[in-house]
Amino acid sequence: MSIRIWLACLLAVSLCFTGISAFAEAPDITGDVAEEAALEPAPVSDPAAGDDPAEVPLETPQEEREILFLPSGIWILTGYNTWTFQVGHAISLTAEQRDTAELAGIMLEAGNVREGAILTIEQLYALYPGAEALLAPPLMYPVRQQPMAEAGVTVPASEKIFYLTIDDTPSETTPEMLALLDSLGIKATFFIVGGRARQYPEYVRAIYDAGHVIANHSYSHDAKILSSSASACLADFRKCEKAVADALGFPLEMPILRIPYGASTVPVSYRTKLQENGYMWIDWNALNGDTESTIKSDKAALERAYSTAVRYDGAVVMLVHDGKDRTLRTMEEMIAHFSEKGYTFGVLQTNIERIPGARMGFPK
C-alpha cells in the first residue's frame, strides 16, 4: 500500500476521533427551558493585537444562557377542541420576551403578564419557543358534574349557610374574582348571562374548572324580551344554556336560574312555566348594593350587606355582581364577617328549603 493511502487513512481516523471527542464534550443543554442555546466557540487571544490571554474571559454557553422557567396555569377548553392557557401566577418577562409579547398582541402590566391572563396556544408558544411538548393541552378533558343535590336529603333553611351568588357573569374581571375566591377557599354560584358567555367563553370554562356552580341568568338580560311572552321567556333561558354548552364544549344541566332584576320582572304565569319545565328560580335576601348609586364607599357596601343579611335567621343568599371593583375589594372582609358570625359557606342546589326573605319557585 502506498504512503499516500496510509496518510489518507490516518487522517480519516484522526477526524473521526476528533468528532467523537467534540460530541462528548458538548455541554448538556437539556432541561425545562424554552429557548435555543447556541454553542459559541471560546474566544481566542491574539498576541499580535495586544490581547493578554490571562485577561480574556472564558465564558461557556451554559453561563451565557438565561434560564426561563415555564409558567404555571391551567388549560381551558373554550370551544370544541379549542384550548387557551390561563396564567396561574404573574410572569416576569425578559426584554426579548416583551418584544415578542408586543408582536403577539399579549397585554402586559408593568412589562409582565398578569396573573389570570388568558393566552392562546400561539401566544404561549411564541413566548416559550420549543416548549410545545412540555406545555401541551390535554388530549381529552374529563367531564365533571356540577355539585348535585343528594337524593332524598333537604338542606334546612334554618341552617346558618352563606350562599354567595354572583350575577351578570362572566366579565373582564372574572379571573380576579376566581383568584380571590380560591384564596378564600370559597365556592360560589355564578349566574351566567348567555350573551356574556359568548363574549368571554374561556371564563365560563374557568368558572366550571374551579368547581363553582354555573346557574342561568338568561341570555339577553333584557326585561322587555323576557316579559314579552311565556314562550319567549323560556326560550331566552334555554338559549343561555346553549351558549354555556358552546363555551364548555359539552352540554351542562343548569336547573337553577335567576330572573334578571328579580322575579317581578315577569308575570307569575311565566315563572310557573319555568317551574313546569324543571327549573328552580331564586332571588336573594341580602345584597351589597354594588349596582346602587347611593352606595359610594367600601364601608357603605359592607354595611349594606350586613344590614340586609341580619333581617333573617338562618341561610343568607347574598347578591353581588361580577365586574365590580368595590365587590372585589370588600369580598375578603365580608367573608370574614360572616365566618365570625358562625356561617358555613355553600352553593345553591335544588334540594334547599324555602329560604326566608328570598323569593323562590321549585320545579313542578
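Visitor: Hi! How are helix 7 and helix 9 set relative to each other?
Guide: Helix 7 and helix 9 are roughly perpendicular to each other, a label for angles of 65 to 115 degrees (under 35 is roughly parallel, over 145 roughly antiparallel, the rest oblique). Helices here are DSSP runs of H or I with at least four residues, strands are E runs of at least two, and both are numbered from the N terminus.

Visitor: What are the angle and distance for that pair?
Guide: The axes of helix 7 (residues 201-209) and helix 9 (residues 230-248) cross at roughly 85 degrees and come within 8 Å. Each axis is a line fitted to C-alpha atoms over the stretch in contact, with angles from 0 to 180 degrees between N-to-C directions.

Visitor: Which residues make the contact there?
Guide: Helix 7 brings Pro201, Val204, Arg205 and Tyr208, while helix 9 brings Val244, Ala247 and Leu248. Contact means heavy atoms within 4.5 Å.

Visitor: And how many are nonpolar, polar or charged?
Guide: Six residues of that contact are nonpolar, one is charged and none is polar. (Ala, Val, Leu, Ile, Met, Phe, Trp, Tyr, Cys and Pro count as nonpolar; Asp, Glu, Lys and Arg as charged; the others, Gly among them, as polar.)

Visitor: Where does this model come from, by the way?
Guide: This is a predicted model, in which local features need pLDDT of at least 70 and side-chain atom pairs pLDDT 80 or more, while totals for chains, interfaces and linings use all residues. Residues are numbered from 1 along each chain as its sequence is written, and side-chain values use heavy atoms, leaving out hydrogens and water.

Visitor: Back to helix 7: how many of its residues are buried?
Guide: Nine of the nine residues of helix 7 are buried, so the helix is largely enclosed by the rest of the structure. Among them are Glu202, Arg205 and Asp209, along with Tyr203 and Ile207. Buried means under 20% relative accessible area, exposed over 50%, and partly exposed in between (1.4 Å probe, protein chains only).

Visitor: What comes just after helix 7?
Guide: Gly211, which takes a positive phi of about 85 degrees.

Visitor: Is Ala110 buried or exposed? And what about His221?
Guide: Ala110 is exposed, with a relative accessible area of 79%. His221 counts as buried, at 17% relative accessibility.

Visitor: Where is there a cis peptide bond?
Guide: Look from Thr169 to Pro170, where the bond is cis with omega near 0 degrees. Pro170 sits in the loop between strand 4 (161-169) and helix 5 (174-184).

Visitor: New pair! How do helix 11 and helix 12 pack?
Guide: Helix 11 (residues 298-309) and helix 12 (residues 325-340) pack at about 40 degrees with axes 10 Å apart, so they are oblique to each other. Their contact includes Leu302 and Tyr306 of helix 11 and Met334 and Phe338 of helix 12. It has seven nonpolar, two polar and four charged residues.

Visitor: And the whole protein, what is it made of?
Guide: It has twelve helices and twelve strands. Buried residues make up 43% of its 364 residues. Of the contacts between residues at least 6 apart in sequence, 73% join residues at least 24 apart.
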